[in-house]
Amino acid sequence: MRFFNTAGPINTNDHYCIPPLTRFNLEQMMTLIQQKKYFVLHAPRQVGKTSYLLALTEYLNQQAEYRALYVNVEEAQAVREDIEAAMRMITNRIASDARDFLKDRFPLEVKSQILESSAGDALGEL
């Protein structure tokens with residue numbers, strides 16, 4: 001049974017929704033991604049930004065050319081003054097999400113070594 005969701009990302013199988021990839025300009029996003037450019041997805045609360053990024057991640061992973069991973073690093077805000085703790089939290093999240101969603105254990109295996117050698121640039125190294 002489907003229902004309206006007002007808390008967190010939607011699941012198109014469970015929730016009534018406008019298909020996420022139609023909410024923003026997919027062609028424009030793909031052009032930016034192909035050009036290896038950054039983009040900011042800025043919109044008010046509960047517009048569908050996270051749902052769009054999750055759908056975009058899935059879409060990209062279906063292409064042979066890309067491997068995409070959505071990672072939420074909000075928890076690191078709690079230690080914003082402690083860069084090493086924040087990098088530890090973020091690299092842990094990336095590594096566990098890579099393991100869970102991409103079946104890739106490599107980040108999990110190397111994150112400790114990266115944090116020891118270059119905590120300030122751990123995100124770039126990972």
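This is a predicted model: local features need pLDDT of at least 70, side-chain atom pairs count only at pLDDT 80 or more; totals for chains, interfaces and linings use all residues.
How are two packed helices described? For helix 3 and helix 4 (residues 106-118), the angle is about 165° and the axes lie 9 Å apart. Angles over 145 degrees count as roughly antiparallel, which is why helix 3 is called roughly antiparallel to helix 4.

Which residues make this contact? From helix 3 come M87, R88, T91, N92, A95, A98 and R99, and they meet P107, L108, K111 and L115 of helix 4. Sorted by class, the contact between helix 3 and helix 4 has 6 nonpolar, 2 polar and 3 charged residues.

## The whole protein

Now let's step back. The protein has 5 helices and 0 strands. Reading from the N terminus, the order of elements is α-α-α-α-α. Taken along the principal axes, the C-alpha atoms fill a box of roughly 45 × 30 × 25 Å.

## Helices 1 and 2: an oblique pair

Helix 1 (residues 26-34) and helix 2 (residues 49-62) also pack together: their axes come within 12 Å and cross at roughly 60°. That angle makes helix 1 oblique to helix 2. The crossing of helix 1 and helix 2 is right-handed.

Where do helix 1 and helix 2 meet? L26, M29, M30 and I33 on helix 1 touch Y52, L56, Y59 and L60 on helix 2. What classes of residue are found in this contact? It holds 8 nonpolar residues, with no polar and no charged ones.

## The largest pocket

Next, look for open space. The largest pocket has a volume of about 1,900 Å³, and 47 residues line it. If you want to find its centre in the structure, look for L53, T57, L69, Y70 and V71, the lining residues that lie nearest to it.

The largest share comes from helix 2, with 8 residues. By class, the lining of the largest pocket has 29 nonpolar, 10 polar and 8 charged residues.

## The second largest pocket

The second largest pocket holds about 220 Å³ of space. Its lining is formed by I10, N11, T12, P20, L21, S51, L54, A55, E58 and Y59.

How do the lining residues of the second largest pocket divide by class? There are 6 nonpolar, 3 polar and 1 charged.

Terms used. Residues are numbered from 1 along each chain as its sequence is written. Side-chain values use heavy atoms; hydrogens and water are left out. Axes are lines fitted to C-alpha atoms, for helices over the stretch in contact, and angles run from 0 to 180 degrees between N-to-C directions. Helices (H or I, at least four residues) and strands (E, at least two) are DSSP runs, numbered from the N terminus. Angles under 35 degrees count as roughly parallel, over 145 as roughly antiparallel, 65 to 115 as roughly perpendicular and the rest as oblique. A crossing is left-handed if the near helix is turned anticlockwise from the far one by less than a right angle, and right-handed if clockwise. Contact means heavy atoms within 4.5 Å. Ala, Val, Leu, Ile, Met, Phe, Trp, Tyr, Cys and Pro count as nonpolar, Asp, Glu, Lys and Arg as charged, and the others, Gly among them, as polar. On a 1 Å grid over the protein atoms alone, a cavity is a set of points where a 1.4 Å probe fits but cannot get out, and a pocket is an open set with protein on both sides within 12 Å along at least five of seven lines; lining residues have an atom within 4 Å of a point. Grid points are joined across faces, edges and corners, and a volume is the space filled by probe spheres set on the points.
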